[in-house]
Amino acid sequence: MTYRPQDPKENPERRAFDVTGGAPHEQFGPEGPSRLGLLSDTLGRAGLELGFRQQVGKETAELMALIAAGRMERFDGHNARFGIEIEMHLADQGSGKPASINARVLDRLTADAANGPDPKAWTCELSKWQIECRTGVALCAGNVLSAYELEIQSRLAAARAVAKEHGAIVVPISHLPSIGEADLSLDGLSDTHDRYHRANDFAHALRHARTIHGENFPVHVPGRNGGAGSSYATDSIITAGTICSLQPHLQVSAERFVDMFNISHAITGFVLAPAASSPLVLGRAGWKEGRISLFEQAWDPTRVFFGTHYIEHPIDPFILNVTADLHPMFVAVQQGGANNAGVPYLPNLVRHNGTIHRWNRPIFGVNEQGEPHLRVEHRALPVAPAPVDNIANAAFFWGLSYGLHVKYGGDISKVFPFEHAKANFYAAAKDGLEAKLYFPEERQQYTMAEKLDWLMGVARLGLETLGVERSDTDKYLGVMEARIRGGVTEADWMLSVLGHSASSDERVPENVLGALTRQIARASALNIPVHERADRFSELAD
């Protein structure tokens with residue numbers, strides 16, 4: 001089928017999209033398939049890539065048809081579903097250095113039924129010292145937030161118990177402060193799944209195809225207040241394995257997906273600023289959320305991006321996956337098929353989409369009842385040590401999303417330009433709560449503290465609209481309000497603990513970074529929110 005929108009203002013990428021096998025420039029962008037051969041000296045890889053992209057195009061058309069036919073899961077009123085992914089580091093309990101034991105820890109976590117109702121929720125991450133767990137999916141109602149906090153506490157306790165058997169601690173933090181240059185090599189890539197080594201090979205091939213000289217991947221994070229910052233080069237994509245995130249999901253009706261996807265971009269800066277938690281890279285102070293800069297340089301900057309404009313149709317971001325100059329990482333076409341309800345699984349679309357790292361990612365999925373759905377995966381948030389802070393961050397994202405939808409009738413583009421959303425994102429990553437940000441219907445820029453009442457009002461409106469119990473709303477927005485009012489993020493707390501050690505261009509000593517790592521792990525185990533940590537510091541000391 002060929003999709004031709006009636007509205008001439010529609011996204012030109014969608015207007016030109018043709019999945020019937022039209023001219024190469026229609027399917028793959030103005031450069032055509034000539035770029036396909038650059039990844040390999042052989043025609044074999046280019047042919048496989050062409051076939052894979054054509055298959056992704058066909059599956060994108062199938063998704064478009066599902067949306068047009070009203071087959072996607074619907075929700076009554078303003079309801080939606082939540083879900084959370086949480087990543088964490090493993091570190092040596094003595095030195096605080098990365099502990100490359102994820103395979104052994106995961107063997108126990110995935111085999112032991114005592115580790116929760118779904119031990120399969122645990123999985124590996126890119127480096128040998130990272131693991132990830134996924135919460136259950138829940139309707140946005142009642143005490144869903146406090147239930148998630150308890151679930152995350154339980155998951156982390158299980159991980160801590162297993163890690164302790166191997167002399168390690170669990171450290172949920174954006175970037176492990178104790179990581180040194182010796183850790184940044186190919187040897188650090190996880191062996192629990194071959195996809196990471198395949199991704200590494202792919203990244204090297206891309207560099208070769210783009211005639212980028214040198215085998216290493218250079219990284220630079222600017223310093224604070226004009227400082228030198230941190231620079232290094234690594235032989236692999238291991239930089240992507242030095243960072244951990246909290247990924248709240250928001251599953252909505254297809255009719256509301258465009259609004260919520262756009263609003264997710266609009267609020268990213270507001271959500272990120274109070275969550276900043278990675279001010280140190282190789283012992284030097286840099287951006288308050290240095291993870292953003294690290295990930296955008298980790299392997300292929302064309303695949304890690306915020307975006308350039310709001311979307312106008314649910315299919316738009318999926319079409320961009322096909323039309324943009326994004327070489328597929330995996331080219332073997334998987335067999336599709338459908339469930340008993342005739343819903344296609346679209347495996348190649350899903351796989352390709354999973355290798356494109358938008359800070360707000362569109363997701364197609366099929367639930368346990370066989371219904372297809374769309375959701376937004378918000379990827380900008382770092383993981384925090386304390387479960388209560390993680391839920392406060394997620395609740396702030398969900399609340400602002402629906403609050404702005406109610407306040408402005410869905411179309412955020414009328415009151416908030418995309419350029420302002422993007423500028424806010426990078427300002428928040430650089431300066432955290434000190435950042436001056438744009439706000440809807442405002443010409444001036446303000447800090448989060450200066451607009452605190454507005455932010456809390458919108459977030460509360462959103463959570464109430466979703467049906468979240470008032471006690472949950474009060475608790476988690478109260479945590480967020482205290483953090484913003486006090487001007488204390490994880491990044492600010494770390495820098496205050498280190499004091500003068502982090503205020504110069506000299507690297508913080510390795511033993512000090514190890515002690516800080518252990519304190520972060522204790523803050524997680526004790527579930528101490530960051531705004532209370534200064535008053536409870538004695539509980540964290542060695």
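This is a predicted model: local features need pLDDT of at least 70, side-chain atom pairs count only at pLDDT 80 or more; totals for chains, interfaces and linings use all residues.
The chain comprises 16 helices and 16 strands. Of its 542 residues, 60% are buried. When contacts between residues at least 6 apart in sequence are considered, 75% of them join residues at least 24 apart.

Strand S14 spans residues 372-378, and six of its seven residues are buried, so the strand is largely enclosed by the rest of the structure. Two pairings involve this strand. With strand S13 (residues 360-366), S14 pairs in the antiparallel sense over seven bridges, and Val366 stands opposite Pro372 of S14. S13 and S14 form a hairpin in which five residues lie between the two strands; within the turn, Gly370 adopts a positive phi of about 85°. With strand S8 (residues 246-252), the pairing of S14 is likewise antiparallel and extends over four bridges. Here Val252 has Leu374 in S14 as its bridge partner.

Four cavities of 30 Å³ or more were identified in the structure. The largest cavity has a volume of about 50 Å³. Its lining consists of Pro274, Ala275, Ser277, Pro382, Val383, Ala384, Asp389, Asn393, Arg483 and Glu490. By residue class, this lining divides into five nonpolar, two polar and three charged residues.

Methods
Residues are numbered from 1 along each chain as its sequence is written. Side-chain values use heavy atoms; hydrogens and water are left out. On a 1 Å grid over the protein atoms alone, a cavity is a set of points where a 1.4 Å probe fits but cannot get out, and a pocket is an open set with protein on both sides within 12 Å along at least five of seven lines; lining residues have an atom within 4 Å of a point. Grid points are joined across faces, edges and corners, and a volume is the space filled by probe spheres set on the points. Ala, Val, Leu, Ile, Met, Phe, Trp, Tyr, Cys and Pro count as nonpolar, Asp, Glu, Lys and Arg as charged, and the others, Gly among them, as polar. Buried means under 20% relative accessible area, exposed over 50%, partly exposed in between (1.4 Å probe, protein chains only). Contact means heavy atoms within 4.5 Å. Two strands pair if DSSP finds at least two bridges between them.
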